[in-house]
Amino acid sequence: MSVTNEDIEAHTITADTSATFDAVIKAGTGTFTAPTKPGTYPYHCTFHGNMKGTLTVK
């Protein structure tokens, strides 16, 4: 999966539960291996605890 980081600082996309995915995304575009099983996967940035989101796999 491709992710765009429009910030000048690096961020992570880290699954809230288990080790489903965890990647550092530097400024620009990065990639990580997303789950293939359909569902919703909450995630956060380990560098910035207030940054959170949900990945939806269909």
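Residue numbers start at 1 along each chain, as its sequence is written. Since this is a predicted model, local features need pLDDT of at least 70 and side-chain atom pairs count only at pLDDT 80 or more, while totals for chains, interfaces and linings use all residues; side-chain values use heavy atoms, with hydrogens and water left out.

**View 1. The open sheet has 4 strands, in the order S3-S2-S5-S6.** Pairing here is antiparallel. Strands are DSSP runs (E, at least two residues), numbered from the N terminus, and two of them pair if DSSP finds at least two bridges between them. Look for strand S3 (22-25) and S6 at the edges, where each pairs on one side only. From one strand to the next, the twist averages 25 degrees (axes are lines fitted to C-alpha atoms, and angles run from 0 to 180 degrees between N-to-C directions).

**View 2. Tyr 43 has bridge partners in this view.** On the S6 side, Tyr 43 partners with Gly 53. Tyr 43, in S5, is also the bridge partner of Ala 15. Pro 42 sits opposite Thr 54 in S6.

**View 3. The largest pocket holds about 270 Å³ of space.** A pocket is an open set of points on a 1 Å grid over the protein atoms alone, where a 1.4 Å probe fits, with protein on both sides within 12 Å along at least five of seven lines; lining residues have an atom within 4 Å of a point. The volume is the space filled by probe spheres set on the points. Of the 16 lining residues, Val 3, His 11, Thr 12, Ile 13 and Tyr 43 lie nearest the centre. Strands S1 (2-5), S2 (11-15), S5 (39-44) and S6 (52-57) each give two or more residues to the lining, and S6 gives the most, with 4. By type, the lining splits into 7 nonpolar, 7 polar and 2 charged residues (Ala, Val, Leu, Ile, Met, Phe, Trp, Tyr, Cys and Pro count as nonpolar, Asp, Glu, Lys and Arg as charged, and the others, Gly among them, as polar).

**View 4. His 48 sits in the loop between S5 and S6.** The His 48 side chain makes a polar contact with the Glu 9 side chain at 3.1 Å (a pair of N or O atoms within 3.5 Å, where one must be able to donate a hydrogen and the other to accept it; residues adjacent in sequence count only if both atoms are side-chain atoms). Leaving aside residues up to four places away in sequence, His 48 touches Glu 9, Ala 10 and His 11, with contact meaning heavy atoms within 4.5 Å.
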